[in-house]
Structure formats: structure tokens, C-alpha cells
Amino acid sequence: ACSNSSPSATNLSVSQPDYCVSGPAGVFSWTFQDPGDTQSAYQVQVDNSSNFSSPEDNSGKVSSGSQNYATPLGKLSYNTTYYWRVKVWDSEDTESDWAQGTSFTTPLHAWPEVDFSWAPTNPSQEEQVQFTDQSEVFGGSTKSDWSWTFQDAEPSSSSQQNPQTQFTSSGAKTATLTLTDSDGFSCQN
């Protein structure tokens, strides 16, 4: 009879999503370790307490060889430190011990939702165009920095909240606003 060694999860890492497009979440990865064997399942738990007494997210035992997992949206909160751990099973359904990853902290609050309008909506060449910042900031922060770029325009950039420009050629143009809030969170549209 051959003996089956217990598997383990190593090289644990966590990353967070692009907060300009997503709410608080964690993306976790690990390496399955068991010479000559493969992962048959995993379980990930994420908790704001290091004792994992009531996980905010518990994947349960997932039958999968995947070595990464992302929390579903809406499970985690802003301005919170989370702890996470993973256990894995090998092809013989032998279970590993929990392997604990490094803790991570979500941002203070949501990042800016960048939005703007312009008038007239279909400007002709050389016509003065008024841009209006309609962005939203969160968590009690204020808008602190505007960085506009305008394609084929004079001026071609601005740091005003509601700038004016003139497009020097006809056709579709790209206008971009990067807004930074008072906590230093920056998004672009």
C-alpha cells in the first residue's frame, strides 16, 4: 500500500480590483503543493476577525483545480482589514491544514465616479465648448484635482473644474477627465 501525503497551499497572495470599476473585493491565489498529485477542491474564507469566527465570505468546499478565487461583489466593506485563509484537497480527497494569507485593507470609501457633460452636444469646428464636471465623490471627501485632455483642441488640456475649449478639426473627438478626491483616490473617464 502506498501512503498518501497531505497537500498544502503555498505562495499565497491577494490583490484588490480596480476600484474605479468595482466595489471592495479580494482576489486570492495560491499554489497547490503535493508531489505527484493534483488539487481536487479548495475552500477560501475571508473574515474581518483573525479568528475566522464569522467569515464575511466562505466559499465552502469548491470542487475545482483552480488556484485562485475572487470574493463576490457586495461581501466586503470599505475601510476594513480582512484576513483570509485557504485549504485544499488532493485527488484522494485528503484535506490540507488551513494556510493563512496576508491581511489586506480595503480603501476608506468608494473611489470617484467620473462623469461630465458638454454643450453644445455636437460642436462645430472652432466653436467654444463648455465642459461641466458631474462627477461624484464619496466618504466625505471633496473634489481636489481635475485633469482634462481634449483631442485636437485649443487648449488641449485643463486643470479647471469646468473648462472651455475649441476643437480645431471636425469629426468625433475624445475628451478625458481624471478626477482626484481629497483622499488621493483618482479615476478617469
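This is a short chat about the predicted model shown above.

Reader: What kind of model is this, and how are residues numbered?
Author: It's a predicted model, where local features need pLDDT of at least 70, side-chain atom pairs count only at pLDDT 80 or more, and totals for chains, interfaces and linings use all residues. Residues are numbered from 1 along each chain as its sequence is written, and side-chain values use heavy atoms, with hydrogens and water left out.

Reader: How many helices and strands are there?
Author: Zero helices and 16 strands. Those are DSSP runs numbered from the N terminus: helices are H or I with at least four residues, strands are E with at least two.

Reader: Which strands make up the open sheet of four?
Author: The order is S9-S10-S14-S12, with antiparallel pairing. Two strands pair if DSSP finds at least two bridges between them.

Reader: And which ones sit at the edges?
Author: S9 (116-119) and S12 (153-154), each pairing on one side only. S9 is joined to S10 (residues 128-133) by four bridges, and Ala 119 stands opposite Gln 130 in S10.

Reader: New topic: what does the C-alpha trace span?
Author: About 85 × 35 × 20 Å along the principal axes of the protein.

Reader: How much of the protein is buried?
Author: Buried residues are 36% of the 189. Buried means under 20% relative accessible area, exposed over 50%, and partly exposed in between (1.4 Å probe, protein chains only).

Reader: What about contacts?
Author: Of contacts between residues at least 6 apart in sequence, 59% join residues at least 24 apart. A contact means heavy atoms within 4.5 Å.
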